[in-house]
Amino acid sequence: MDFSCKALNYPISQAQFYTDSTIVLSWIGSHASRWKTFVANRVAKIQTLSSATQWHHISGSANPADLATRGVSSSTLLPSIWLCLFCDRLFCSYIE
């Protein structure tokens with residue numbers, strides 16, 4: 001998150017993260033050493049960069065990150081929340 005904020009030159013004072021995977025939430029909420037190496041390394045990195053309390057569940061159908069994988073048209077994708085999170089600063093001039 002820090003890297004993204006610096007790259008976008010967009011300060012963010014707090015962040016909340018969402019996943020449609022209850023398994024991932026369980027991984028993040030547990031000690032990384034419980035998992036096999038592949039998962040443990042990634043969970044440890046996530047836990048270093050964020051807090052488990054910042055992570056929340058969102059249903060798969062409401063997850064904007066999955067929008068592009070649902071076969072939607074570009075006219076639906078462009079004004080979506082996925083591209084408009086920073087709309088006022090970054091994308092509005094490109095999609096209007």
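**A tour from helix H3**

Select helix H2 (22-29) and helix H3 together: H2 is part of what covers the buried residues of H3. Helices here are DSSP runs of H or I with at least four residues, strands are runs of E with at least two, and both are numbered from the N terminus. Buried means under 20% relative accessible area, exposed over 50%, and partly exposed in between, with a 1.4 Å probe and protein chains only.

The model is predicted, so local features need pLDDT of at least 70 and side-chain atom pairs count only at pLDDT 80 or more, while totals for chains, interfaces and linings use all residues. Residues are numbered from 1 along each chain as its sequence is written, and side-chain values use heavy atoms, with hydrogens and water left out.

**Whole chain**

Show the protein chain as a cartoon. Its secondary structure comes to six helices and two strands, in the order α-β-α-α-β-α-α-α from the N terminus on. Of its 96 residues, 22% count as buried. The accessible surface, from the Shrake-Rupley method with a 1.4 Å probe and, for residues, only the protein chains shown as cover, is about 7100 Å². Carbon and sulfur atoms account for 59% of this surface. A contact means heavy atoms within 4.5 Å. Among contacts between residues at least 6 apart in sequence, 48% join residues at least 24 apart.

**Helix H3**

Now select residues 37-49, the 13 residues of H3. The expected span of a helix is 1.5 Å times one less than its number of residues. For H3 that gives 18 Å, and the end C-alpha atoms are 18 Å apart, which agrees. Colour Val39, Ala40 and Val43, the buried residues of H3. Seen down the helix axis, they fall within an arc of 95°, so they line one face of the helix; the arc is taken over the directions from the axis to the C-beta atoms. On the other side, Thr37, Phe38, Lys45, Thr48 and Leu49 are exposed.

**Trp27**

Next, pick Trp27, which sits in helix H2. Its relative accessible area is 27%, so Trp27 is partly exposed. Leaving out residues up to four places away in sequence, Trp27 touches Trp35, Val39, Val43 and Gln47.

A search of the whole structure finds two aromatic pairs. Rings of Phe, Tyr and Trp (its six-membered ring) pair if their centres lie within 6.5 Å; planes under 30 degrees apart count as stacked, over 60 as edge-to-face and the rest as tilted. The rings of Trp27 and Trp35 have centres 6.3 Å apart and planes at 55°, so this pair is tilted. Trp35, at 23% relative accessible area, is partly exposed.

**Thr19 and Ile58**

Move to Thr19 in strand S1 (residues 17-19). Thr19 is buried, with a relative accessible area of 11%. Beyond residues up to four places away in sequence, Thr19 touches Val24, Leu25, Trp55, His56, His57 and Ile58. A polar atom of the Thr19 side chain lies 3.1 Å from the backbone nitrogen of Ser21.

Finish at Ile58, in the loop between strand S2 (55-57) and helix H4 (74-77). Ile58 counts as buried because its relative accessibility is 19%. With residues up to four places away in sequence not counted, Ile58 touches Tyr18, Thr19, Asp20, Asn63 and Pro64. The C-alpha atoms of Ile58 and Tyr18 are separated by 6.1 Å, with the residues 40 apart along the chain.

How values were computed:
A polar contact is a pair of N or O atoms within 3.5 Å; within protein, one must be able to donate a hydrogen and the other to accept it, and residues adjacent in sequence count only if both atoms are side-chain atoms.
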